[in-house]
Number of protein chains: 2
Amino acid sequence: MTLGHLVAVDWGTSSLRGALLDADGRVLEEQSHPRGILSVKPGGFTAVFETLFADWMRPHGTRCLISGMAGSKQGWVEAPYCPCPAGLAEVRGKVLEIEPGRISIAPGLSDSHDGVPDVMRGEEVQIIGAMALTRLRDGLFVLPGTHNKWARVKNGMVTGFRTFMTGEFYAVLSQHSILARTLDTSAPLDEAAFLQGVTQSENGQGLLHNAFGARTLALFDRMPARELASYLSGILIGEELRTQSVHSAVEVVLIGAPALTQRYQLALQAVGNQARTLGAEATWAGLHALHSPSHRQS
Amino acid sequence: MTLGHLVAVDWGTSSLRGALLDADGRVLEEQSHPRGILSVKPGGFTAVFETLFADWMRPHGTRCLISGMAGSKQGWVEAPYCPCPAGLAEVRGKVLEIEPGRISIAPGLSDSHDGVPDVMRGEEVQIIGAMALTRLRDGLFVLPGTHNKWARVKNGMVTGFRTFMTGEFYAVLSQHSILARTLDTSAPLDEAAFLQGVTQSENGQGLLHNAFGARTLALFDRMPARELASYLSGILIGEELRTQSVHSAVEVVLIGAPALTQRYQLALQAVGNQARTLGAEATWAGLHALHSPSHRQS
């Protein structure tokens, strides 16, 4: 059997990205649209998909593999969760066909700590792709975003992970709390203020206290308004790092948008850690790895 | 000189409460209004005051002492901050006259940790009142609210304090984050779910992670919707207690609305601490103590 092209789709909550990959996983074309699952009415997924990808799907033998929130209860088809520990084989084993022989969807991952479940949808594919691209089979894979994921990988398997609402806390605090009165989230990242926030988070007094510092520093004119958002970002990301006890010897892979991975890299450098960073290529490599039979033995 | 009555006013951000006290500090009448400083236009404070309190102020020799955000930049008159350590004498020394011989306003308190300022306005009067009512001169005085204050008192002096945005985090998370989709903040306190949240906060993974549990417990039907708000409240208050390392031997005084002090009392009982609780009476006792010359020697 000759392998055709793969239409790789990352269908998230608020946006959708697609890439046309050749049999070796090379990206031939890319597209992205503000058509996240929240913008699609129930029953409307097939139509949206055909509108966006009919051209790419036309050649005989072309297949599509989707990851992300399209596999959630509010998505196209509810795909299962694959419990940790899980690697390429386990995730591939739970890929669900939406249209047999044509369109499939990847499962999410689940974990549990003290009876409290944790979940991801889409990030597992990025981790699989990052493992393929970096050839790392052990390390800490960090995926910044609205709901950040910290996944521990051992011998090519995700042994467990935790979600941190860091991105969402930043959004609600800077838009809806008293901090909104003085913060300017449109200001560019101020590295010094960001690192000052990271350092502040190490005082052991917790986020509930340290976030208030972004208010009082403004109140007493101790920090210019344009630096406050960076300071709050440092407080939040520093708090996240603190709980994960990352030090210089841990192999860390950051996967996500450069504007976010840059901040984590700065904070990690402050503790002597040289993290690697990956972007969208991790998603495409992960979908290619899940699809490609050449990986079926790994 | 015979002392007349005191009109004691706690003028906060969103509401205003007043009490008419006799020379011994007994409450003769009380009133409260939704006329916090945010509802008063610049220059409009005198008129609002006279409308609400002219009757109480009529008898010759009646004086008024105000505490709270009316002393902030956005308030009636900007009153100073009294730096910690500060007790009754220090706070009284910074009382500012608005109308000499008739209306005065109490200062706030300020503290600083690692160059980050902290402030309170109004709570210092409640702490002074609580010391007078309980005769305690050492302990931890906790004032739950939108911005909770934890004040350490030694030998009748507030030696330092920290603010925690616990109440505001609860509000923005339950109204504006993904948790809003499943939380029902109108449900009554569920003590078991609340204490489950308190326990969960002790796992050392931090608020950014533990708050997400309120989402996944709902997603997996592990906790009924009516219990989720109590669980989140427990996560937040537990986090606050964790950073303060409160144990059974510390003398804790909770000052605030019963609906809030009840939660802190529950969480403190879980670590073996029997906290005392006080309500509005602490404010009136504090304003009376600041006003009364019988205390001027203390």
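Across the interface of chain A and chain B, 16 residue pairs are in polar contact, both residues at pLDDT 80 or more. A polar contact is a pair of N or O atoms within 3.5 Å; within protein, one must be able to donate a hydrogen and the other to accept it, and residues adjacent in sequence count only if both atoms are side-chain atoms. The model is predicted: local features need pLDDT of at least 70, side-chain atom pairs count only at pLDDT 80 or more, and totals for chains, interfaces and linings use all residues. Residues are numbered from 1 along each chain as its sequence is written, chains are lettered from A and ligands numbered from 1 in the order in which they are written, and side-chain values use heavy atoms, with hydrogens and water left out.

**The interface**

- Five elements of chain A give two or more residues to the side that touches chain B: strand E9 (116-120), strand E12 (157-164), helix H4 (166-176), helix H6 (207-219) and helix H7 (225-244). Helices (H or I, at least four residues) and strands (E, at least two) are DSSP runs, numbered from the N terminus.
- H6(A) gives the most to this side, with 9 residues.
- By class, the side of chain A that touches chain B has 21 nonpolar, 17 polar and 11 charged residues. Ala, Val, Leu, Ile, Met, Phe, Trp, Tyr, Cys and Pro count as nonpolar, Asp, Glu, Lys and Arg as charged, and the others, Gly among them, as polar.
- Chain A brings 49 residues to the contact, and chain B brings 49 residues. Contact means heavy atoms within 4.5 Å.
- About 4,200 Å² is buried between chain A and chain B, and carbon and sulfur atoms give 65% of this area. Buried area is the accessible area (1.4 Å probe) that two parts lose on being put together, summed over both.

**Two buried residues**

- Glu239(A) sits in helix H7 of chain A. Its relative accessible area is 1%, so Glu239(A) is buried. Buried means under 20% relative accessible area, exposed over 50%, partly exposed in between (1.4 Å probe, protein chains only).
- The side chain of Glu239(A) makes a polar contact with the side chain of Arg242(A), at 3.2 Å.
- Leaving aside neighbours within four places in sequence, Glu239(A) has contacts that include Ser201(A), Gly206(B) and Glu239(B).
- Ser110(B) belongs to strand E8 (residues 108-113) of chain B. Ser110(B) counts as buried because its relative accessibility is 14%.
- Beyond neighbours within four places in sequence, Ser110(B) is in contact with residues including Tyr81(B), Cys84(B) and Phe161(B).

**Loops and backbone**

- The peptide bond from Cys84(A) to Pro85(A) is cis, with omega near 0 degrees. Pro85(A) lies in the loop between strand E5 (81-83) and helix H2 (88-93) of chain A.
- In chain B, the peptide bond from Cys84(B) to Pro85(B) is cis, with omega near 0 degrees.
- Asp114(A) is not a glycine, yet its phi is positive, near 50 degrees. Asp114(A) is exposed, with a relative accessible area of 62%.
- Asn155(A), also a residue other than glycine, has a positive phi near 50 degrees. Asn155(A) lies in the loop between strand E11 (148-154) and E12 of chain A.
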